[in-house]
Amino acid sequence: MNIKRNIIFSLESRKKNGVPIVENVPIRMRVVFASHRIEFTTGYRIDVAKWDADKQRVKNGCTNKLKQSASEINADLLKYYTEIQNIFKEFEVQGFMPTTEQVKDAFNRLHDGKKEDEEQAPVVFLPLEVFDEFIKECGTQNGWSDATYEKFAAVRKHLEKFDKGMTFESLDEPKLTKYVNFLKDTEDMRNTSIMKQVAYLKWFLRWCTKKRYCMNNAYEDFNPKLRSTPKKVIFLTWEELNKLKNYQIPETKQYLERVRDVFLFCCFTGLRYSDVHNLKKSDIRDGYIEITTVKTAERLIIELNNHSKAILDKYKDVEFEGHKALPVISNQKMNDYLKELGELAEINEPVSETYYKGSKRIDTITPKYALLGTHAGRRTFICNALALGIPAQVVMKWTGHSDYKAMKPYIDIADDVKANAMSKFNQL
């Protein structure tokens, strides 16, 4: 029988008046096995500056307040580590999984001088103290993109601004409601953004529960009722697409030409910004491109049409860094330039949007060019492909969508476009 376990030495997290204590901090030994965790005191203390967190030992040459040397303390930590390992080996030989009490008792019998209640003293973790561990572990396990790391960095920032010293025990329904109000009133978020923040927080808290840092599951039943409307799908109609494609860019703004080419390529292939940014010349085949998407790691084959092929041919003899196929700049800069290009090309159809902040309804009307971004290229491809009568299942093969739920907003738009087109017969 093999019992998987992890033995960790770390400094106890303590605060005074909300400020972390950094001097004479207790060293604790944590033993994790079979979803259980036991905390032991080692009997030693050390300053934070004298502790090597990576090696889980006192730095060489350092001493604590009692003049105990690093070699003396580290020797005992190694001794404790060996004792715990031997205890588990004995249980493995006996062929059964021990309880936490059995592990504690076996260790305590080796250290009669220590009080059992001291061994069982609870360690209280604060959410922000383990947030970085959550990001590191989940990011590695799930292969997070840079955008996902940025989202959770923002979540941490909001939590810290809301209440830096909050505890897991304090996160009851009233506290969570206060957090929602904080996001609305202080951070000035729309309801849709608040719901995303709550979802990210729940993800983090579920991880904390699994790790046994959090014993309070009030968050599971917390579902604030916030009014929202479906997000507006911003795309270019076929007429707008041709208008943008045929627009004569002024001599003083030639930097917009490459931006337009990349955007149009997305409009005629359905690629996300991340995938067109990652597109290599080696991904181009005879009549199609073959890529592995950045977001989902899905292998896609996308046939080229006359428009997308012409753009690739335009740059086939131009060398770009990293053997890239197209001159793609940063997403943020490209979004800025697309708005500028859209305004020049008079893509100014008024777009009405409705959103909520709390119970307050807000209606806006914005010219379409001001809402353009790189993702509008992918949406343009999908909407126009469906409006042209190409079956949804074929479009999904090109875009990598796995279910109709994600496609439904586009299908609804295509139906509207077809209905409006039919009405033109009434003008004859």
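Modeller: A compact globule of 428 residues would have a radius of gyration near 22 Å, but this protein has 29 Å. That radius is taken over C-alpha atoms, and the globule rule is 2.2 Å times the number of residues to the power 0.38.

Colleague: What box do the C-alpha atoms fill?
Modeller: Roughly 100 × 55 × 45 Å, along the principal axes.

Colleague: Where does the model come from?
Modeller: It is predicted: local features need pLDDT of at least 70, side-chain atom pairs count only at pLDDT 80 or more, and totals for chains, interfaces and linings use all residues. Residues are numbered from 1 along each chain as its sequence is written, and side-chain values use heavy atoms, with hydrogens and water left out.

Colleague: How many helices and strands?
Modeller: 15 helices and 11 strands. They are DSSP runs numbered from the N terminus: helices are H or I with at least four residues, strands are E with at least two.

Colleague: And how much of the protein is buried?
Modeller: Buried residues make up 41% of the 428 residues. Buried means under 20% relative accessible area, exposed over 50%, and partly exposed in between, with a 1.4 Å probe and protein chains only.

Colleague: New topic. How many salt bridges?
Modeller: The structure holds 25. Each is a side-chain nitrogen of Lys or Arg within 4 Å of a carboxyl oxygen of Asp or Glu.

Colleague: Which residue does Lys314 pair with?
Modeller: Glu257, at 2.6 Å from N to O. Lys314 is in helix H11 (residues 306-314) and Glu257 in helix H9 (residues 255-269), so the pair ties together parts 57 residues apart in sequence.

Colleague: What about Lys104?
Modeller: Lys104 meets Glu101 in a salt bridge of 3.7 Å, N to O. Both lie in helix H2 (residues 100-110), 3 residues apart, about one turn of the helix.

Colleague: Is Lys104 buried or exposed?
Modeller: Lys104 is buried, because its relative accessible area is 12%. Glu101 has 36%, so Glu101 is partly exposed.

Colleague: Which residues are linked in a network of salt bridges?
Modeller: Glu12, Arg28, Arg30, Arg37 and Glu39.

Colleague: Last one: what is the phi of Asn24?
Modeller: Near 55°, a positive value in a residue other than glycine. Asn24 sits in the loop between strand E3 (19-20) and strand E4 (25-33). Glu346 also has a positive phi, near 60°. Glu346 is in the loop between helix H12 (331-344) and strand E10 (350-357).
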